[in-house]
Amino acid sequence: MIIFKEVDNSYFELYDKVSMNVDVRSEYTVKRINNGLGGLILEETMVQPYRKDLSVYARAAEYEKDFDLTNWRYYMAFEGDVPVGAMTVAGKTPGMNMLSGREDACVLWDIRVDDACKRNGIGKNLLHMGISGARHDGYHQMIIECQNNNVPACRFYQSQGAVLTRIDMYAYYLDPEAKNEVQLIWYLDLD
């Protein structure tokens with residue numbers, strides 16, 4: 001039986017034990033029409049399968065190094081004492097670029113489900129908890145970042161009502177390992 005609960009930063013060590021792998025089998029390729037003036041098309045393209053570990057970019061134990069966590073919430077899923085899912089929602093945070101100075105929006109900072117437990121509703125339950133907490137805190141939108149090589153996450157966000165609003169083909173350009181990835185920004189209305 002899976003138990004879901006909101007937690008505090010004393011759980012960060014357990015939080016970071018939940019794997020954050022993406023098994024990439026396809027990617028969304030951005031096709032520009034008339035150099036972008038005619039719009040963009042996302043086309044799913046099959047790729048040689050590989051695994052990407054996103055935990056190297058998001059370690060809960062290190063959040064405090066970069067941000068004031070006063071308005072952040074954390075949620076976890078446990079099977080017995082074993083953590084199998086985790087999610088962070090970042091609220092009003094000075095210096096967080098994704099918020100663009102907005103105080104009526106929050107960011108889905110991190111969501112992860114253990115590889116052995118994927119496709120069992122854990123991510124959906126965590127997201128719904130996060131949405132409920134965000135509404136309680138007075139936020140009207142949740143901003144979600146994803147990459148073009150995380151097709152399952154894109155499908156998940158879309159199925160939950162999020163709308164793709166921004167595509168940045170150069171967001172990771174200075175990161176040699178992610179240079180060719182495309183940033184996809186989704187907005188989920190909470191009202």
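Buried means under 20% relative accessible area, exposed over 50%, and partly exposed in between (1.4 Å probe, protein chains only). These views show a predicted model, in which local features need pLDDT of at least 70, side-chain atom pairs count only at pLDDT 80 or more, and totals for chains, interfaces and linings use all residues. Residues are numbered from 1 along each chain as its sequence is written, and side-chain values use heavy atoms, with hydrogens and water left out.

**View 1. D115 and R51 form a salt bridge (a side-chain nitrogen of Lys or Arg within 4 Å of a carboxyl oxygen of Asp or Glu).** The N to O distance is 3.3 Å. R51 is partly exposed at 49% relative accessible area, and D115 is partly exposed at 28%. Both belong to a network of salt bridges that also links D23 and K118.

**View 2. E6 and R73 meet in a salt bridge.** Their N to O distance is 3.0 Å. E6 is in strand β1 (residues 2-7) and R73 in strand β4 (residues 72-79), so the pair ties together parts 67 residues apart in sequence. Strands (E, at least two residues) are DSSP runs, numbered from the N terminus. E6 is partly exposed at 42%, whereas R73 is buried at 18%.

**View 3. C146 is shown with C154, which holds the closest cysteine sulfur.** The two sulfurs are 3.8 Å apart, too far for a bond. C146 is buried, with a relative accessible area of 2%. The whole structure has 0 disulfides, a disulfide being a pair of cysteine sulfur atoms within 2.5 Å.

Methods:
Helices (H or I, at least four residues) and strands (E, at least two) are DSSP runs, numbered from the N terminus.
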